[in-house]
Amino acid sequence: MFTCKRFILGSSVLVIALVALAVGLQAQGVKIADPTSVVMIVNRDSNDLAFMDIKSHAIVGRVFLGNNVNPHMVMMSPDGRYVVTGGTRANKAFIVDVKTLQLVKTIPVDIAPEHLAFSPDSRWYYQGNPEGDSISVIDMQSLSKIKTIPGFAEPLNVTFLPDGSKAYVGNYGAHWVGVVDVRRHELVKKIPIAEVPGVSKLDPEKYLGEIHGINIAMPSPDGKYLYAADGTLGIVGVIDPREDKVIKHIRVGKDPWRIYMGHDGKYAITPNNGDQTISIIDLKTNTVAATLEAGPNMTGVNFAAGKAFVISSTSGFVYVYNMSSLKPAGRIKMGTNIQLETATTDTKDEKMYLAESTNHEVLIIDGKTEQVEHVKNVGLFPWGTHIMDSKDNYCH
Amino acid sequence: MRRSLSVVRGAALLAAAIVCGGGVAFAQATQKPGQAPQMNMANMDHRGALSGRVRDGAGTGQAEVTVQVVSQENGAMFSATTDAQGNYAFGALPVSKYEVSVTRNGLTAYRKRDVDVAMDGKAQLDITLDAAAAAAAADFERQDLLAKISTLEQRITDLESSAVLSEPETRTRRVTVFLDANGNEHDEQVPGSKPVVTYRRERTYRRQTINEKIEAALEDAAKHSVTVGVDAAMATQFAGRTKGDLDANRRAYALASADLFFTAGIAQNTVFFADIVGLSGAPPDAEIPSLTLLNGYTARLVRQNELNLREAWLRTELFGQKLSLTAGRLDLTNYFDHNALSNDESTQFISDALVNNQVLGLDVNGTGVAAELDPKNGIKVKFGLQQNNNDATNLGDSLFTLSEVGYTFTPFALPEGNYRLWFRTDNTDPLGTRKAVGVSLDQKLSPAFGVFGRWGRSESEGGHDRYYSAGVGISKGFIFNPEDTWGVGYAQTELFSGQQEKLVEGYYNFSLTEKLRLSFTLTGVVDRPETAATTGKFGYLLPGIRFQAAF
């Protein structure tokens with residue numbers, strides 16, 4: 001009896017403490033208590049970040065960044081404390097506190113910031129500036145820019161090694177991957193993905209014109225290798241980060257946009273916009289396991305329910321592939337005369353959240369049933385989505 | 001008893017920890033007066049300290065004054081607040097030169113540049129907030145403001161030259177509305193209403209740069225214009241007799257071909273296409289009576305040195321673009337038996353026996369319809385009909401039908417393969433409808449190496465004609481340039497009448513640029529014109545060179 005009384009007393013204290021905590025958090029203006037509970041939507045033309053509750057699909061918060069900002073990519077720090085975005089037109093990085101949804105810092109960076117990445121320990125925020133040919137290094141402890149690393153050629157995406165020692169930068173305006181020593185924040189090495197063929201001299205229009213270099217050096221799910229697709233060369237280079245050299249060339253279709261890693265670690269996919277195919281790469285043998293028909297202007301690949309979903313931005317279709325049989329598995333019509341952007345997948349690999357900019361909506365695709373739900377009025381020109389810890393967080 | 005006590009203690013500790021945790025989290029966002037900014041020293045590079053005292057003109061320490069320092073090298077910003085005695089301290093600043101400022105009542109009361117914080121050093125800066133310091137700061141502020149205005153002016157000029165500022169655009173959208181019994185329109189469904197499709201103008205906000213605008217306008221203009229494509233080729237072949245006594249020996253042949261393609265989008269998911277071809281020259285088929293064409297381009301040769309309309313059709317896509325219908329003047333073999341490794345005389349094998357299944361039996365292009373159902377799940381179903389005689393007097397005359405089922409998959413952990421089964425009928429022969437059946441496959445064994453095969457059997461007068469071919473195609477491996485391809489193939493054609501042909505060919509196709517290709521071919525052929533006769537047997541070796549420009 002006495003024991004029971006003590007237990008009740010203890011439980012009461014706990015409940016009171018929790019209630020007090022909840023009230024306290026509310027008093028502090030806490031809007032998002034659980035950073036994994038929301039989908040972040042970056043709205044290019046309304047210059048804001050919208051936060052959609054994953055369960056209710058209601059917009060639970062919105063952070064206006066300023067006029068003429070044009071935010072490009074949104075990402076949450078691995079510790080769930082901050083959400084950041086680069087304002088492409090404002091040439092600034094924006095840091096938002098997740099709990100309160102307050103814009104806590106605006107930091108001038110270089111020209112046209114687009115894609116970004118966090119170091120695994122959340123300490124460093126690397127902001128790529130494609131038109132400034134640089135990476136801005138932002139210290140997330142002091143919330144200040146501590147360095148600008150020059151010497152890149154249209155740096156599109158940054159990826160960190162799991163131990164945070166090195167960062168790899170895809171240069172879309174060149175055919176090499178930049179290696180950054182994260183301790184010194186210096187570009188220490190350039191890894192050419194492949195040699196430009198000798199026959200290129202006969203085709204200056206292709207090789208001297210608009211270059212489609214390397215979008216991203218994507219780590220394999222086990223973190224042992226990086227895969228970088230080069231659009232102009234039609235090659236995926238496999239990089240061993242221990243020696244920082246290319247150990248294998250995989251020839252894929254024409255003009256691969258970039259590489260996307262399947263969640264089970266078996267396959268990766270390059271959408272090849274030059275010939276409207278996808279190349280499915282076997283990560284064990286580093287060979288092309290299948291080349292299958294797809295659609296025009298592909299902007300992303302998501303994986304859910306054992307399938308790959310390839311976004312064809314201008315056709316209004318999402319192409320579906322069975323990742324067990326490596327066979328086409330139909331396509332989902334998302335609409336007519338619409339522009340599909342990019343998507344993220346929830347951490348259960350069940351649903352995808354696809355930004356559709358023409359009608360200012362997010363399309364939620366159930367990976368298993370392929371049913372589509374429309375969430376309207378998320379903001380003007382939604383450009384991309386992001387979920388903390390999702391394996392499919394990417395941008396154009 | 002001990003256990004229940006520990007439960008109570010645990011619960012209390014947990015509650016306290018949660019409450020304290022919340023408190024700490026809140027405290028991190030604020031900074032106590034006089035305290036240096038909270039930093040994780042474990043992860044920090046070498047840094048230095050800066051401290052001092054803020055006084056007024058009379059020398060009295062000023063409390064609750066915010067001192068801000070900004071790195072002159074990278075713009076990193078830090079601030080600290082003075083304690084009751086006017087002391088401030090920055091415990092760990094990154095090594096840099098700093099601009100130190102104090103703002104009071106919205107005005108800068110003090111500013112000093114080039115304050116050096118050295119590695120592991122302890123810099124001292126005492127600040128006096130008197131009239132002289134305020135005047136110096138104001139002057140500094142003025143200069144700073146002028147510089148900012150100048151930067152802003154430049155930025156506005158840049159923006160005006162590259163951006164279209166927030167002008168809302170109008171766009172007409174196709175929407176579904178609901179009409180009630182009174183004919184009133186509703187955006188949402190109401191009882192008794194029916195859905196109706198209509199069009200509505202809407203304002204949209206899509207900010208674009210001038211470049212984006214130009215690109216969109218050009219893309220829109222291209223959609224409404226006719227695009228022209230050209231495929232020009234020159235195929236030169238040399239013939240050396242290896243067997244028989246035909247006149248043709250050690251002779252050269254050349255056939256020049258130019259195709260003009262016109263494509264125009266004329267409605268949603270609907271295009272018009274026309275192909276006009278002109279040919280000139282003499283192919284080996286003019287002198288060597290082989291069972292199949294030794295130059296695949298010869299099939300296009302209708303009249304020398306004249307332009308001929310090869311194809312002119314409309315194509316539309318229905319049911320979510322799953323079903324495509326093509327109608328007009330067609331070459332039905334373009335839609336069926338589409339073998340990935342041996343189906344193109346311009347970039348693969350030049351001999352027609354390795355381009356088309358020889359028992360398909362379609363001689364000419366003509367009026368027809370082709371339907372293709374492609375649900376994008378690997379299965380394709382096709383049906384087409386076409387007239388096989390340009391002199392036919394009615395649509396039922398010389399009617400040629402083709403049906404095909406195709407399947408794409410990755411068998412036995414191999415890369416993708418395409419498998420097709422087709423069936424055709426042809427009522428050109430007045431004695432009755434002739435039927436034929438065939439299979440066609442192309443299977444990649446590795447990303448670089450693929451095999452292909454065809455087989456066909458066709459009814460002919462009194463029996464059956466037979467055809468088969470097989471070979472390999474290589475790309476993305478064992479090549480000189482990345483886009484090069486090469487292959488080797490064998491084809492055998494046997495007619496019920498006794499005629500037989502065995503043909504072997506190899507080619508290497510150099511992809512010089514995206515628009516220019518140069519190929520070398522070597523064909524060996526042995527023909528037996530009749531069953532019993534061996535004297536009429538002839539054989540040839542034909543090396544060739546093919547130059548193709550497509551743009």
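This is a predicted model: local features need pLDDT of at least 70, side-chain atom pairs count only at pLDDT 80 or more; totals for chains, interfaces and linings use all residues.
Two strands are taken as paired if DSSP finds at least two bridges between them. One residue pair can be named here: Val318(A) has Ile332(A) in β27(A) as its bridge partner.

## Domains of chain A

The domain assignment divides chain A into domain 1 (1-30), domain 2 (65-257) and domain 3 (294-396). Taken over C-alpha atoms, the centres of domain 2 of chain A and domain 3 of chain A are separated by 23 Å. Eight residues from domain 2 of chain A and seven residues from domain 3 of chain A take part in the contact. On the side of domain 2 of chain A that touches domain 3 of chain A, five residues are nonpolar, three are polar and none is charged.

## A second open sheet in chain A

Four strands of chain A form an open sheet with the order β4-β5-β6-β7, and the pairing is antiparallel. Strands β4 (71-76) and β7 (102-108) of chain A each have a single partner strand, so one side of each is left without a neighbour in the sheet. Neighbouring strands of this sheet are turned by 20 degrees against each other on average, direction being ignored. Strand β5 (residues 82-87) of chain A and strand β6 (residues 92-97) of chain A run antiparallel and are joined by six bridges. Val84(A) has Ile95(A) in β6(A) as its bridge partner.

## A hairpin and residues with positive phi in chain A

Strand β14 (residues 176-181) of chain A pairs with strand β15 (residues 186-192) of chain A over six bridges in the antiparallel sense. Val179(A) stands opposite Lys189(A) in β15(A). The two strands β14(A) and β15(A) form a hairpin with four residues between them, and His185(A) in the turn has a positive phi of about 55 degrees.

Leu143(A) counts as partly exposed, because it has 18 C-beta neighbours inside 10 Å. Asn377(A), also not a glycine, has a positive phi near 50 degrees. This residue is placed in the loop between β31 (372-375) and β32 (382-387) of chain A. Asn377(A) has 11 C-beta neighbours inside 10 Å and therefore counts as exposed.

## Chain B

Chain B contains three helices and 27 strands. Of the 551 residues in chain B, 28% are buried. Among contacts in chain B between residues at least 6 apart in sequence, 57% join residues at least 24 apart. The domain assignment of chain B gives domain 1 (46-161), domain 2 (169-215) and domain 3 (231-550). The centres of domain 1 of chain B and domain 3 of chain B, taken over C-alpha atoms, are 80 Å apart.

Helix α3 (residues 210-223) of chain B has 14 residues and should span 20 Å at 1.5 Å a residue; its end C-alpha atoms are 20 Å apart, so the two values agree. This helix is hardly covered, as the count of buried residues among the 14 residues of α3(B) is zero.

Strand β20 (residues 417-426) of chain B runs antiparallel to strand β21 (residues 434-444) of chain B, with 10 bridges joining them. Strand β21(B) also pairs in the antiparallel sense with strand β22 (residues 449-460) of chain B, over nine bridges. A hairpin with four residues between its strands is formed by β21(B) and β22(B).

| Residue | Bridge partner | Strand of the partner |
|---|---|---|
| Arg420(B) | Ser440(B) | β21(B) |
| Gly438(B) | Gly456(B) | β22(B) |

Definitions and conventions
Residues are numbered from 1 along each chain as its sequence is written. Chains are lettered from A and ligands numbered from 1 in the order in which they are written. Domain bounds come from an automatic or database domain assignment. Two residues are in contact if their C-beta atoms, placed from the backbone, lie within 7 Å. Ala, Val, Leu, Ile, Met, Phe, Trp, Tyr, Cys and Pro count as nonpolar, Asp, Glu, Lys and Arg as charged, and the others, Gly among them, as polar. Axes are lines fitted to C-alpha atoms, for helices over the stretch in contact, and angles run from 0 to 180 degrees between N-to-C directions. The expected span of a helix is 1.5 Å times one less than its number of residues. A residue is buried if 20 or more other C-beta atoms lie within 10 Å of its own, exposed if 12 or fewer, and partly exposed in between; C-beta atoms are placed from the backbone.
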